[in-house]
Amino acid sequence: MEIEIDAREFSVVAAVVAVIALILLGVLGWLFTPEGGKVLTYAEWQIHKAERAYRQELRDLQKTCEEMAALLDRPLDPLRVQVAADRILNEMAKGGQAVLQPQREAVAAAAQALRNWAMGDSRERAVEAVAEASRRVAEVSGGSLP
């Protein structure tokens with residue numbers, strides 16, 4: 001019994017697989033290489049990751065402030081406001097970057113003021129708290145997010 005293997009077909013398949021693998025590795029490298037294209041040390045990579053997390057959390061805080069302002073612009077819907085405020089309070093309790101703790105606390109205070117407004121407290125207190133939270137987040141982001 002004889003088994004014949006055509007080496008030409010095998011080498012073509014291997015070459016195609018190798019080219020596809022190289023292209024995929026190149027795309028992965030391009031996606032994960034920071035600006036400047038230099039090789040990072042472990043410490044630099046950790047800083048890069050922390051900066052990305054900081055910018056993402058800052059964007060999330062800005063969106064949360066915009067959401068709270070939108071709730072204030074509508075007529076009072078107590079159930080919707082309470083659900084949104086509870087979700088925001090839970091998100092703020094999870095924490096994040098330590099340098100953004102004052103901003104998280106301001107957003108949490110604004111969410112609590114919104115919740116109180118939904119339960120019959122003054123709308124003006126909620127407006128002031130949301131304005132303060134928005135001001136603190138904008139202050140850190142330089143008025144606009146990076």
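Select E57, D60, L61, K63, T64, E91, M92, K94, G95 and R104, and you have the lining of the largest pocket in this predicted model. A pocket here is an open set of points on a 1 Å grid over the protein atoms alone, with protein on both sides within 12 Å along at least five of seven lines, and lining residues have an atom within 4 Å of a point. About 150 Å³ of space lies in this pocket, the volume being the space filled by probe spheres set on the points, which are joined across faces, edges and corners. Colour the lining by residue type and you will find two nonpolar, two polar and six charged residues; Ala, Val, Leu, Ile, Met, Phe, Trp, Tyr, Cys and Pro count as nonpolar, Asp, Glu, Lys and Arg as charged, and the others, Gly among them, as polar.

Next, select helix α2, residues 42–73, which gives the largest share of that lining, five residues. Helices are DSSP runs of H or I with at least four residues, numbered from the N terminus. The 32 residues of α2 reach 47 Å from first C-alpha to last, close to the 46 Å expected at 1.5 Å a residue, where the expected span is 1.5 Å times one less than the number of residues. Among the buried residues of α2 are H48, E57, L61, C65 and L72, buried meaning under 20% relative accessible area, exposed over 50% and partly exposed in between, with a 1.4 Å probe and protein chains only. Now show α3 (78–94), α4 (101–118) and α5 (123–141), which are included in what covers these buried residues.

R104 lies in α4 and E57 in α2, so the pair ties together parts that are 47 residues apart in sequence, and both residues are buried.

Move on to E67 and R87, whose side chains meet in a salt bridge at 2.2 Å, N to O. E67 is partly exposed at 28% relative accessible area, and R87 is also partly exposed, at 33%.

Finally, select E132, R135, R136 and E139, which are linked in a network of salt bridges.

Residues are numbered from 1 along each chain as its sequence is written. Local features need pLDDT of at least 70 and side-chain atom pairs count only at pLDDT 80 or more, while totals for chains, interfaces and linings use all residues, and side-chain values use heavy atoms, with hydrogens and water left out.

Definitions and conventions
Helices (H or I, at least four residues) and strands (E, at least two) are DSSP runs, numbered from the N terminus. Contact means heavy atoms within 4.5 Å. On a 1 Å grid over the protein atoms alone, a cavity is a set of points where a 1.4 Å probe fits but cannot get out, and a pocket is an open set with protein on both sides within 12 Å along at least five of seven lines; lining residues have an atom within 4 Å of a point. A salt bridge is a side-chain nitrogen of Lys or Arg within 4 Å of a carboxyl oxygen of Asp or Glu.
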